[in-house]
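Welcome! Have a look at it first, and then read on.

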Amino acid sequence: MSDVSVIGRGITTFGKKDETIKSMLVEASRKAILEASNPKVDAVFVGNFTAGQLANQEILGSILTNELGLGNVPSVKMEGACASGGIALRHAYQLVKAGEYDTILVAGAEKMTNQDTETVTNALNSAMDRESNEAASGLTFPGFFGVLTNRYMHEYGAEKKHLAMVALKNRNYARFNPIAQFRKITTIEEIMNARPVTDPLGLFDCSPVSDGAAAVVIQRGKNGVQILSSGQASGSPVMQEVDNMMHIPATNEAAKKAYEVAGLGPEDIDVIELHDCFSMTEILAIEELGFFDKGKGWEAVEKGATKHGGTVPVNTSGGLLSKGHPIGATGIAQIIQIVDQLNQSACNQVDHANIGLAQNLGGLELIL
C-alpha cells in the first residue's frame, strides 16, 4: 500500500453567497490544483448532499471535470448526508493508497441559502428514514438533538450554560477565520438568551444554512501532509431504534478503526476538527472519540480542556456552528483546517501540532 498526502487545498468563503454551486466548486478546485503545482489529475470525486433538491443540479463530478478541462478522467458525485465530503475523500484516499490512481481532486460543495426554510428543512430531513413513523410525525434534526440533549442533561448533570460554552468557544475561534460565516463578537449571555429553536437548543446551538465549497488534491507519496488512516461505520437513521441515546456507536467504531490502523490513540492527537452540527454534538463526540470519559464531556468544556492550553483544541476553525455548514463542503473544509494546522499556517494555530483528526457525524474519521 502506498503513502498518501494532501498536496494542495482550496476553499471559498462560507455563508450566504450569490455564486452557483458549479462556480463555487470550480473556484475551490482551481485554488487546490494551483497550490498543488498543477499536477495531472487522474480522477475527480465530489461530495454533495442536496444539489438535486436545492440547486436542481446533479452529475457534479462530470460538470466539475468538464469545467476544469480535465478531459475524460473518471468522476463521481458521492452522497452521505453530513459526511458526504469526508466519504468522497475516504474513497479517493483508498484508491490512491491501493495504487489505482496517483493523483485525485476531491471537492465538496453545497448551495442552500437560495431556498425557503421549509424547502431546506425537507431536503435536510431526507437524511432520515422518510418511511419511518418518526418522519411522518414531523421529527426534524433539531428535534432529534433536542431530545438527545435533554436526556444527556438528565443523565449527567450538564446544563444549558455548557452548550453555550461550546458555542462561545467556536465563535471566538471563527472570529479569526477569514472564510467563516459568523465572525461577530458575542457573549455567553447573548447565546443563553438567543431565540429558542427546540428546548434546550437555541439559535447559537445550531449550525446554520450555508453556501460554500472546498477542495483538496491528494497524491501518492510523502510530498505533503500525510493521511495516516481512515475509519467509517454506520448507525441507525431511526431514533426509536437507538439503544442508547448517549452513545454514537458509528463515531466510536470508526474512531477505533482509524486509531488502530494509524497505531495511535486519543493521547497522540494534537488538534481536532469535529462535527458540531449542534453544540451538544461536540460534547458527545469528544467522548466517543476517547478524549474524555462518557458523561464528562461537559465538564471538559467547563474546564477549558477543548481549547488552546487545554487537553486538545477542538474546532479551531470555528466549527460548523460558526464557520458554517455547507454540507458537502464540510468534511473537506475540516481536512483543510487540519492540514493548515500541521503546516503551521492555520488561523488559531496550535503550537507543535503534528497529528490531527477530522470527524464527520455519520461515522467517519480521518487521521493526518
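## A helix wrapped up inside

Let's begin with helix H11, which covers residues 279-288. Helices here are DSSP runs of H or I with at least four residues, strands are runs of E with at least two, and both are numbered from the N terminus. In H11, 10 of the 10 residues are buried, so this helix is largely enclosed by the rest of the structure. Buried means under 20% relative accessible area, exposed means over 50%, and partly exposed lies in between (1.4 Å probe, protein chains only). Among the buried residues of H11 are Ser279, Met280, Ile283 and Leu284, and also Glu282, Glu287 and Glu288. After H11 comes Gly290, which has a positive phi, near 90 degrees.

The model is predicted: local features need pLDDT of at least 70, side-chain atom pairs count only at pLDDT 80 or more, and totals for chains, interfaces and linings use all residues. Residues are numbered from 1 along each chain as its sequence is written, and side-chain values use heavy atoms, leaving out hydrogens and water.

What span should we expect for helix H8, residues 160-174? The expected span is 1.5 Å times one less than the number of residues. For the 15 residues of H8 that gives 21 Å, and the end C-alpha atoms are 21 Å apart, which agrees.

H8 is mostly covered, with 11 of its 15 residues buried. Those buried residues include His162, Leu163, Val166, Lys169, Arg171 and Tyr173. Among the elements covering them are helix H7 (141-156), helix H9 (188-192), strand E6 (201-202) and H11. Helix H12 (297-302) and helix H13 (319-323) also take part in that cover.

## A cysteine in a loop

Look next at the loop between helix H14 (327-342) and strand E11 (356-360), where you will find Cys347. Is Cys347 buried or exposed? Its relative accessibility is 15%, so Cys347 counts as buried.

Leaving aside residues up to four places away in sequence, Cys347 touches Phe176, Asn177, Thr316, Ser317, Gln337 and Gln341. Touching here is a contact, meaning heavy atoms within 4.5 Å. Phe45 makes another reference point: Cys347 and Phe45 are 302 residues apart in sequence, and their C-alpha atoms are 27 Å apart in space.

## Charged partners

How many salt bridges does a search of the whole structure find? The search finds 18. A salt bridge is a side-chain nitrogen of Lys or Arg within 4 Å of a carboxyl oxygen of Asp or Glu. One of them joins Lys222 and Asp3, with their closest N and O atoms 3.7 Å apart. This pair links distant parts of the chain, 219 residues apart: Lys222 is in the loop between strand E7 (212-220) and strand E8 (225-226), while Asp3 is in the segment before strand E1 (4-11). Lys222 is exposed at 56% relative accessibility, and Asp3 is partly exposed at 34%.

Glu27 and Lys31 also form a salt bridge, at 3.1 Å from N to O. Both lie in helix H1 (residues 21-35), 4 residues apart, about one turn of the helix. Glu27 is partly exposed at 29%, and Lys31 is partly exposed at 37%. Lys40 pairs with Asp42, the closest N and O atoms being 3.1 Å apart. Here Lys40 is exposed at 64%, whereas Asp42 is buried at 15%. Finally, a network of salt bridges links Arg9, Glu35 and Asp340.
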